[in-house]
Amino acid sequence: NNVSKAVENLNNAYEISKISEPNQAIIINQKLTNLYIENKDFDKAIEVKKKVLTEQFVRDNSQLKASEIQELAYVYLKTDNVGEEIKLFKNAYQIYLEKGHTLEARKSVHKLDSLYQSLGNINASMQLYREFLEELPQLVKNDRGLVDSQVLEETENRIALLEKEKA
């Protein structure tokens, strides 16, 4: 049938691209995951997501690894396994914290907060925000992306000021 042919084609494309085009492999993996989800085959979708997490190109990139862990959590959302979903989002959040990805950590906090809120667990939500606020100064300090954009903004402002003075 068409679904099994699509699965076969996506699997073949994945195997080829994971060697030479890892970014393309991630896209293909997501398409395969989505195909399984559309067909309500959540076990296969979980299996496919877990497989990509074992790939070297994912393990070597903390941001990609955390992102793929979150994608796996979204699959668990479809199965109503909130416990596993929370565990996976916490795992991704820890990676973002450890590797200094401030904006991604914040998004994880928001997602965890909404999960806790849906369960009526306000205490867990408050504790999460407390921890995040405690970590925030060090996180911002370690986040090269934020520092680089801040330096860029300060430099642009300084150039604009110098151009005004020159005029």
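Helices here are DSSP runs of H or I with at least four residues, strands are runs of E with at least two, and both are numbered from the N terminus. By that count the chain has nine helices and zero strands, so the pattern read along the sequence is simply α-α-α-α-α-α-α-α-α. The structure is a predicted model, in which local features need pLDDT of at least 70 and side-chain atom pairs count only at pLDDT 80 or more, while totals for chains, interfaces and linings use all residues. Residues are numbered from 1 along each chain as its sequence is written, and side-chain values use heavy atoms, with hydrogens and water left out.

As for overall shape, the C-alpha atoms fill a box of roughly 70 × 45 × 25 Å along the principal axes. With contact meaning heavy atoms within 4.5 Å, residues 24 or more positions apart account for 51% of the contacts that have a separation of 6 or more.

The buried residues of H5 include Leu-64, Ile-69, Leu-72, Val-75 and Tyr-76. On the partner side, the buried residues of H5 pack against helix H2 (22–38), helix H3 (42–53), helix H4 (56–59), helix H6 (82–99) and helix H7 (102–118).

One of the residues in H5 is Glu-68, an acidic residue by the charge count used here (Asp and Glu negative, Lys and Arg positive, His and the chain ends not counted). Glu-68 is buried, with a relative accessible area of 3%. Neighbours within four places in sequence aside, Glu-68 is in contact with Ile-26, Asn-29, Lys-49, Val-52 and Leu-53. Ile-27, by contrast, sits in helix H2 and is partly exposed, at a relative accessible area of 42%. The C-alpha atoms of Ile-27 and Asn-2 are separated by 20 Å, the two residues being 25 apart along the chain.

Key. Buried < 20%, exposed > 50% of the residue type's maximum accessible area, 1.4 Å probe, protein only.
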